[in-house]
Amino acid sequence: MARSRPRGVPAASSHGATEREIDGLPRQVMAEIQRLERTRNYLFPGDVVRAVLRWQEYSRAPARRRWAYDSDADLHGDCCGDPLYERELLDGVERALSRPAARALRAVLAEADARWDR
């Protein structure tokens with residue numbers, strides 16, 4: 001019998017980051033996202049969770065900080081990734097998900113999108 005991971009210890013992804021769940025998404029949607037990450041050649045395990053978290057963090061920043069971030073080309077992709085690219089990735093993920101799963105993901109992203117549009 002295979003040993004399971006102890007409760008509370010996150011699974012490591014191929015990028016070295018830990019896989020977490022997205023707050024507000026049902027487990028069925030998370031399972032669909034994980035299936036998508038395993039079957040698409042442009043995604044790695046945990047990419048969607050990281051993209052959501054990065055987009056939410058970026059949208060919380062004051063507009064002046066976002067402008068400075070966008071104007072500094074060295075920051076994009078080198079250390080932390082490009083949040084605008086991450087949002088584009090999430091658009092593609094939304095199109096690949098089933099309608100109910102895409103609706104749930106859009107609902108989670110709606111607050112961050114509204115903050116970014118200000």
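Me: What should the 13 residues of α1 span, and how far apart are its end C-alpha atoms?
Reply: At 1.5 Å a residue, α1 should span 18 Å, and its end C-alpha atoms are 18 Å apart, so the two values agree. The expected span of a helix is 1.5 Å times one less than its number of residues. Helices (H or I, at least four residues) and strands (E, at least two) are DSSP runs, numbered from the N terminus. This is a predicted model, in which local features need pLDDT of at least 70 and side-chain atom pairs count only at pLDDT 80 or more, while totals for chains, interfaces and linings use all residues. Residues are numbered from 1 along each chain as its sequence is written, and side-chain values use heavy atoms, with hydrogens and water left out.

Me: Which residues of α1 are buried?
Reply: Val29, Met30, Glu32, Ile33, Leu36 and Glu37 are the buried residues of α1. Buried means under 20% relative accessible area, exposed means over 50%, and partly exposed lies in between (1.4 Å probe, protein chains only).

Me: Within what arc do they fall, seen down the axis of α1?
Reply: The buried residues of α1 fall within an arc of 160 degrees, so they line one face of the helix. The arc is that of the directions from the helix axis to the C-beta atoms. On the other side of α1, the exposed residues are Arg27, Gln28, Arg38 and Thr39.

Me: What do the buried residues of α1 pack against?
Reply: They pack against α2, α4 and α5. Contact here means heavy atoms within 4.5 Å.

Me: On to the largest nonpolar core: how many residues has it?
Reply: The largest nonpolar core has 24 residues, and Ile22, Leu25, Val52 and Leu97 have the most contacts inside it. The elements that give two or more residues to this core are α1 (27-39), α2, α4 (83-96) and α5 (99-117). The largest share, seven residues, comes from α5. A nonpolar core is a set of buried Ala, Val, Leu, Ile, Met, Phe, Trp, Tyr and Cys residues joined through side-chain atoms within 4.5 Å. In soluble globular proteins, nonpolar side chains tend to be buried together.

Me: Which residues is Ile22 in contact with, leaving aside neighbours within four places in sequence?
Reply: Ile22 is in contact with Met30, Val48, Val49, Val52 and Val108.

Me: And Val93, which residues does it touch, not counting those up to four places away in sequence?
Reply: Val93 touches Leu36, Leu43, Val48 and Leu105. Val93 lies in helix α4 and is buried, because its relative accessible area is 0%. The C-alpha atoms of Val93 and Glu37 are separated by 9.2 Å, although the two residues are 56 residues apart along the chain.

Me: Back to α2: how many of its residues are buried?
Reply: α2 is mostly covered, with 10 of its 14 residues buried. Among them are Val48, Val49, Val52, Trp55 and Tyr58.

Me: How many aromatic pairs does a search of the whole structure find?
Reply: The search finds one aromatic pair. Trp55 and Tyr58 form this pair, which is tilted, at 5.8 Å centre to centre and 35 degrees between the planes. Rings of Phe, Tyr and Trp (its six-membered ring) pair if their centres lie within 6.5 Å; planes under 30 degrees apart count as stacked, over 60 as edge-to-face and the rest as tilted. Both residues lie in helix α2 (residues 47-60), three residues apart, about one turn of the helix. Trp55 counts as buried because its relative accessibility is 2%, and Tyr58 is buried with a relative accessible area of 7%.

Me: Now salt bridges: what is the count?
Reply: The count comes to eight salt bridges, a salt bridge being a side-chain nitrogen of Lys or Arg within 4 Å of a carboxyl oxygen of Asp or Glu. One of them joins Glu21 and Arg27, with the closest N and O atoms 3.3 Å apart. Glu21 is partly exposed, at 44% relative accessible area, whereas Arg27 counts as exposed because its relative accessibility is 63%.

Me: Is Arg87 buried or exposed?
Reply: Arg87 counts as buried because its relative accessibility is 13%. Arg87 forms a salt bridge with Asp113, the closest N and O atoms being 2.7 Å apart. This pair links distant parts of the chain, with Arg87 in helix α4 and Asp113 in helix α5, 26 residues apart. Salt bridges that share partners join Arg87, Asp91, Glu94, Arg106 and Asp113 into one network.

Me: How far apart are the closest N and O atoms of Arg87 and Asp91?
Reply: In that salt bridge they are 2.8 Å apart. Arg87 and Asp91 both lie in helix α4, four residues apart, about one turn of the helix.
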